[in-house]
Amino acid sequence: MEHAHVDHKLRRWREAKGLTLEEAAAKVGTTRQVWSDWERRRRRPSAKYMPLVVKATGGQVTANDFYQL
C-alpha cells in the first residue's frame, strides 16, 4: 500500500468537523492510533469498521476512499 499521499479524505472530514483524533475514533469505537493510521494510509478500516466510518461521516467517506474500486 502506498503512503505517499497523506492528505486523506478522512482527515479532511475530521478537521472540517473540528474533531480530535480521539473524538473521531470514539465515534466508531476504535483508538486514536488506528484512526490516525487510516488517515495516513498505513492501514484500512476492516469490514467491521468500514460501515461505522461511513455512518459516522454521513456517507462523506466510503470504502472507495480507501480501496481502488
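The following questions and answers concern the predicted model shown above.

Me: On what basis are residues numbered and side-chain values computed here?
Reply: Residues are numbered from 1 along each chain as its sequence is written, and side-chain values use heavy atoms, with hydrogens and water left out. Because the model is predicted, local features need pLDDT of at least 70 and side-chain atom pairs count only at pLDDT 80 or more, whereas totals for chains, interfaces and linings use all residues.

Me: What pattern does the protein chain follow along the sequence?
Reply: Helices (H or I, at least four residues) and strands (E, at least two) are DSSP runs, numbered from the N terminus. The protein chain has four helices and zero strands. Read along the sequence, the pattern is α-α-α-α.

Me: What percentage of the residues in the protein chain is buried?
Reply: Buried means under 20% relative accessible area, exposed over 50%, and partly exposed in between (1.4 Å probe, protein chains only). Of the 69 residues in the protein chain, the buried share is 33%.

Me: Leaving aside neighbours within four places in sequence, which residues are in contact with Val53?
Reply: Contact means heavy atoms within 4.5 Å. Val53 is among the core residues that touch the most other members. Leaving aside neighbours within four places in sequence, its contacts are Leu10, Val28, Trp38, Pro45 and Val61.

Me: Which residues of α3 are buried?
Reply: Helix α3 comprises residues 32-39 and is mostly covered, with six of its eight residues buried. The cover over these buried residues includes α1, α2 and α4. The buried residues are Val34, Trp35, Ser36, Asp37, Trp38 and Glu39.

Me: Which side chain joins that of Glu39 through a polar contact of 2.5 Å?
Reply: Glu39 lies in helix α3 and counts as buried because its relative accessibility is 5%. A polar contact is a pair of N or O atoms within 3.5 Å; within protein, one must be able to donate a hydrogen and the other to accept it, and residues adjacent in sequence count only if both atoms are side-chain atoms. The contact of 2.5 Å is with the side chain of Arg14.

Me: Which residues do salt bridges that share partners join into one network?
Reply: A salt bridge is a side-chain nitrogen of Lys or Arg within 4 Å of a carboxyl oxygen of Asp or Glu, and the whole structure has seven. Arg42 forms one with Asp37, the closest N and O atoms being 3.9 Å apart, and Asp37 is buried at 8% relative accessibility. Arg43 also forms a salt bridge with Asp37, with the closest N and O atoms 3.3 Å apart. Through shared partners, the network consists of Asp37, Arg42 and Arg43.

Me: Which residues do ring pairs link into a cluster?
Reply: Rings of Phe, Tyr and Trp (its six-membered ring) pair if their centres lie within 6.5 Å; planes under 30 degrees apart count as stacked, over 60 as edge-to-face and the rest as tilted. There are three aromatic pairs by this rule, including the tilted pair of Trp13 and Trp35, at 6.4 Å centre to centre and 45 degrees between the planes. Trp38 and Tyr49 form another tilted pair, at 5.8 Å and 55 degrees. The cluster linked by ring pairs contains Trp13, Trp35, Trp38 and Tyr49.

Methods. A nonpolar core is a set of buried Ala, Val, Leu, Ile, Met, Phe, Trp, Tyr and Cys residues joined through side-chain atoms within 4.5 Å.
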